Amino acid sequence: MKIALKIISIILILSACNSTKKVTTTNSRSQIKKELVGTWDCKILHDENGNKVDTIWHGFGHEIPKGPLITLNEDGTYTKQFTPKNIDSGKWYFDEENQTIVYLLYYDKPYDFVAQDLIKRGHAKKDENGDYYEIITSKVFKYSDSELTLLERGNRRRTFKKKIE
């Protein structure tokens, strides 16, 4: 029995030591994917049947799908630029098991009314420095070194092309 426990322990330790991946947290599912690092420009949105979507009705108005511009940095930071003045930023990692990009959207200080409300209602997490952030996820449909497709509501697929820098 002791030998079996030692073998299982050794296997667990060896499986956690993967030198080809940069682990960003203590969770072995959390990592930076080299293929995803770069700036991604939205090119097209398709519906669940593969048809191009030109506009989306949100109840308060129409959206013309042409963004955001997403930059995923190798150091685990990101920006999502929706407009020149509306830019989210924080940390990111790739959840291999769920094929999901996880964004930690940090709130700007001083916290505005919305951030204070989210913190008060428990929707925000607090990091080791005392800063608050929100967890946002994007399900990855497929990716390569040059193309990234994310799933959205209604099984829409937003495809991005990597910008050559």
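**Figure 1. The whole chain at a glance.** Of the 165 residues in the chain, 32% are buried, where buried means under 20% relative accessible area, exposed means over 50% and partly exposed is in between (1.4 Å probe, protein chains only). This is a predicted model, so local features need pLDDT of at least 70 and side-chain atom pairs count only at pLDDT 80 or more, while totals for chains, interfaces and linings use all residues. Residues are numbered from 1 along each chain as its sequence is written, and side-chain values use heavy atoms, with hydrogens and water left out. The chain has two helices and 13 strands; these are DSSP runs numbered from the N terminus, with helices being H or I of at least four residues and strands being E of at least two. Take the contacts between residues at least 6 apart in sequence: 52% of them join residues at least 24 apart. Contact here means heavy atoms within 4.5 Å.

**Figure 2. Looking into the largest pocket.** About 820 Å³ of space lies in here. A pocket is an open set of points on a 1 Å grid over the protein atoms alone, where a 1.4 Å probe fits, with protein on both sides within 12 Å along at least five of seven lines; lining residues have an atom within 4 Å of a point. The volume is the space filled by probe spheres set on the points, which are joined across faces, edges and corners. The lining has 26 residues, and G67, P68, F82, E152 and R158 lie nearest the centre. Strands 6 (69-72), 7 (77-81), 11 (132-143), 12 (147-151) and 13 (157-162) each give at least two residues to the lining. By type, the lining splits into twelve nonpolar, five polar and nine charged residues. Nonpolar covers Ala, Val, Leu, Ile, Met, Phe, Trp, Tyr, Cys and Pro, charged covers Asp, Glu, Lys and Arg, and the others, Gly among them, are polar.

**Figure 3. Inside the largest nonpolar core.** This core has 16 residues, and L72, W92, I101 and L148 have the most contacts inside it. A nonpolar core is a set of buried Ala, Val, Leu, Ile, Met, Phe, Trp, Tyr and Cys residues joined through side-chain atoms within 4.5 Å. Strand 3 (38-46), strand 6, strand 8 (87-95), strand 9 and strand 12 each supply at least two of its residues. The largest share, three residues, comes from strand 9. Another core, of seven residues, lies apart from it and includes Y111, A115, L118 and Y132.

**Figure 4. T100 and its neighbours.** T100 sits in strand 9 (residues 100-106) and is buried, with a relative accessible area of 9%. A polar atom of the T100 side chain lies 2.8 Å from the backbone oxygen of N98. Leaving out residues up to four places away in sequence, T100 touches Y93, F94, D95, T137, S138, K139 and V140.

Figure 5. Most residues other than glycine have a negative phi, and most peptide bonds are trans. Q99 is not a glycine, yet has a positive phi of about 50 degrees; find Q99 in the loop between strand 8 and strand 9. N155, also not a glycine, has a positive phi of about 60 degrees and lies in the loop between strand 12 and strand 13. The peptide bond from K109 to P110 is cis, with omega near -5 degrees, and P110 is in the loop between strand 9 and helix 2 (113-120).

Notes
Polar contact = N/O pair within 3.5 Å; in protein donor to acceptor, adjacent residues only side chain to side chain.
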